[in-house]
Every structure is written in structure tokens, then in C-alpha cells.
Amino acid sequence: MAEWVDLIDPTPDELREKLPRKVQESALERLLAPADPKDEPRPTLQTHGDYVFGIFLVAVAVPKEDRVFYQEVDVVITHDVLVTVSKTPSGEHPYDPRPTRESCRPDDSAGMMFYRLVDDIAEHYLDLVDELDAEIDELEDNVETAPAARTRVRLSELRHDLLHIRHTLAPTRDAIRRVVDNVVEVTEGEEVFPHDVEVAFNSAYDKLLRAFDGLELSRDLIASVRDYLQSKVSNDQNEVTKKLTALASMLLVPTFIVGLYGQNFRHHFPELDWQWGYAWSWALIVVTTIAQLVFFKRRKWI
């Protein structure tokens with residue numbers, strides 16, 4: 001019967017005590033290294049003689065805070081022991097493998113237990129893509145009402161998150177593909193991934209592929225929202241320009257009338273000495289302004 005040993009931020013002594021055998025110094029350093037969001041490792045799965053060593057990252061969305069953080073899970077696998085080292089990100093919670101461990105069957109090998117762990121990680125990525133798509137849809141629905149600057153900032157953040165997730169998901173997918181293709185296996189001792197385990201890994205690999213395809217769709221959705229936003233901003237600018245143009249046109253005729261009667265002529269000016277000349281100029285200004293206002297209203301320019 002295989003054993004699953006779950007460790008969270010272990011000390012060097014705790015880790016050495018729980019490891020099934022001596023591991024390479026580079027792997028030991030990686031297992032003991034604290035989680036660092038500024039220097040996240042690349043997910044990988046490697047053969048180290050009589051054990052398999054792996055590094056995985058789980059992307060977790062926090063919708064209420066509009067952010068994504070990453071949980072690191074390192075693994076050491078032999079034929080009969082699976083050791084997982086979960087690391088606590090700064091200010092966050094570590095990955096909890098207990099629900100997955102409890103779902104394992106009594107006769108599961110360490111390789112099959114590892115498959116269930118990877119399958120759960122793949123499910124996390126699928127859920128993450130769904131949450132991102134829902135947020136993008138909500139952002140698109142609010143383009144008309146939300147401030148353009150805020151929408152633009154959120155689009156930029158989402159695009160950055162998608163790129164980061166893609167850089168994490170792609171090597172995870174490639175690492176699992178190596179198990180499916182029987183590339184990763186111990187070179188000493190009993191095999192870790194027998195044929196039935198490799199077949200089971202196809203399911204996890206398929207989920208990772210679906211998550212990766214979902215990310216590509218999410219990128220297209222973000223591009224669509226960005227185009228929609230740019231179109232809205234352009235239309236808004238056109239509306240403002242149209243209103244300013246209409247306002248300038250309304251002021252143009254009165255300015256022309258005032259300028260016309262303001263010419264310094266002493267003779268041959270019909271209204272210059274007219275008793276009602278002042279009232280006439282004002283009436284002309286008011287009538288032409290109202291006529292323009294009615295015209296612009298009917299054309300829906302203002």
C-alpha cells in the first residue's frame with residue numbers, strides 16, 4: 001500500500017525525516033526554498049535516478065480583490081511513497097491536498113495518487129479560466145456605464161494575469177505530457193508510472209489542454225472588450241465634438257449679426273438711425289438661435 005506524506009513549509013529536519021530516500025542537493029534546496037512571488041519556479045517533472053521530482057504551481061483567483069496568486073507544490077515520488085511539500089505564499093494560504101488525498105483508494109499506488117493530485121490541479125485551472133471568463137463578461141456588460149479609465153486598467157490587469165497563467169500552465173501541460181508519453185520514469189527500482197497510471201494521466205492532460213484553450217479564448221474576449229471600449233471612447237468623443245460644433249454654429253450667426261451691425265459706417269446703413277434698430281438686431285439674434293436649436297434637436301446633434 002502506498003503512502004502520501006503531506007508537508008507544509010517543513011523545516012530541513014522534518015523534510016529529511018519524511019523523504020523516502022536521499023535526494024539530490026538541488027532538489028533539496030528547491031524543496032526547502034520558501035515561496036517567492038517575485039521568483040516563481042517553472043513547473044517541471046524530472047527523473048532523479050530512483051525517484052521523480054516535480055514542481056507545480058496552482059493559480060488561484062480572488063474575484064473580490066481582482067487578483068490572482070500562486071501556490072507552489074513540490075513532489076517527490078517513488079513506487080510506494082508520494083511526498084508533497086506545500087508552500088505558503090506571503091499573506092495567503094497554501095495548497096491543501098487533503099481532499100484529494102482522502103479521495104484516493106486503498107490500493108492506489110504512489111503514481112496513481114500523484115495522478116489524482118495533478119487532476120485536482122488541472123481542475124483548479126479549469127475553474128480559474130471560468131472565473132476569468134465570467135469577470136471578462138461582466139466587464140463587457142459594464143463598458144457603457146463604467147469609467148473608461150477604470151475599465152482600461154482592469155483590462156490591462158486581466159491581460160497580465162492571463163499571460164502569467166499561460167506561462168505557468170504551458171510547462172505544467174508539457175510536464176504531464178511527458179508522463180503520458182512514458183518519458184518520465186525512474187531508472188532504478190520499481191516503476192512509478194505503470195501503464196494504467198499513464199492511461200489515467202490522459203484525463204489530467206486533457207483538462208490541462210482544455211484550460212489552455214480556454215485561456216486563448218479569454219485572450220480573444222479581452223481583445224473584443226478592448227475594441228468595444230475603444231469604439232465607445234471614439235463614439236463619445238464624436239458626440240462631444242458634434243455638440244461643440246453645434247454650439248459653435250449657434251454662436252456663429254449671432255456673432256455675425258453683432259459684427260455686421262458693429263461696422264463703423266455713418267451713411268447708407270439702413271438700421272443705423274432706425275428707432276427699432278436695436279430691438280431688430282436682438283430679435284434677429286434670438287430667432288436665428290432658436291431656429292438653429294430646433295434644427296439641431298431634430299437632427300439629434302444635441
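**Close-up views of the predicted model**

The structure holds six aromatic pairs. The model shown in these views is predicted.

**View A. An aromatic pair formed by Phe114 and Phe193.** Phe114 and Phe193, one of the six aromatic pairs, have ring centres 6.0 Å apart. Their planes stand at 40° to each other, and the pair is tilted. Distant parts of the chain are linked here, the two residues being 79 residues apart. Phe114 belongs to helix H4, whereas Phe193 lies in the loop between helix H5 (148–180) and H6.

**View B. The open sheet of five strands.** Pairing within this sheet is mixed, and the strand order is S1-S5-S4-S3-S2. From one strand to the next, the twist averages 20°.

View C. Strand S3 (residues 52–62) pairs with strand S4 (residues 67–77) in the antiparallel sense, over 11 bridges. Strands of a sheet pair through backbone hydrogen bonds. Phe56 stands opposite Val73 in S4. Helix H4 (residues 110–141) packs on the sheet and touches S1, S2, S3, S4 and strand S5 (81–87). The direction of H4 makes about 25° with that of S3.

**View D. The crossing of helices H5 and H6.** The axes of H5 and H6 come within 9 Å, with a crossing angle of roughly 160°. H5 is therefore roughly antiparallel to H6, angles over 145 degrees being counted in this way. The crossing of H5 and H6 is left-handed. By class, the residues of this contact comprise 21 nonpolar, four polar and nine charged.

**View E. The crossing of helices H6 and H7.** Helix H6 (residues 195–261) and helix H7 (residues 277–298) have axes that come within 10 Å and cross at roughly 160°. This angle makes H6 roughly antiparallel to H7. The crossing of H6 and H7 is right-handed. On the H6 side, the contact is made by Ala246, Ser249, Met250, Val253, Pro254, Ile257, Val258 and Tyr261. These residues meet Trp280, Ser281, Leu284, Ile285, Thr288, Thr289, Gln292, Leu293 and Phe296 in H7. The contact of H6 with H7 has 12 nonpolar and five polar residues, and no charged residues.

Key. Residues are numbered from 1 along each chain as its sequence is written. This is a predicted model: local features need pLDDT of at least 70, side-chain atom pairs count only at pLDDT 80 or more; totals for chains, interfaces and linings use all residues. Side-chain values use heavy atoms; hydrogens and water are left out. Axes are lines fitted to C-alpha atoms, for helices over the stretch in contact, and angles run from 0 to 180 degrees between N-to-C directions. Helices (H or I, at least four residues) and strands (E, at least two) are DSSP runs, numbered from the N terminus. Angles under 35 degrees count as roughly parallel, over 145 as roughly antiparallel, 65 to 115 as roughly perpendicular and the rest as oblique. A crossing is left-handed if the near helix is turned anticlockwise from the far one by less than a right angle, and right-handed if clockwise. Contact means heavy atoms within 4.5 Å. Ala, Val, Leu, Ile, Met, Phe, Trp, Tyr, Cys and Pro count as nonpolar, Asp, Glu, Lys and Arg as charged, and the others, Gly among them, as polar. Two strands pair if DSSP finds at least two bridges between them. Rings of Phe, Tyr and Trp (its six-membered ring) pair if their centres lie within 6.5 Å; planes under 30 degrees apart count as stacked, over 60 as edge-to-face and the rest as tilted.
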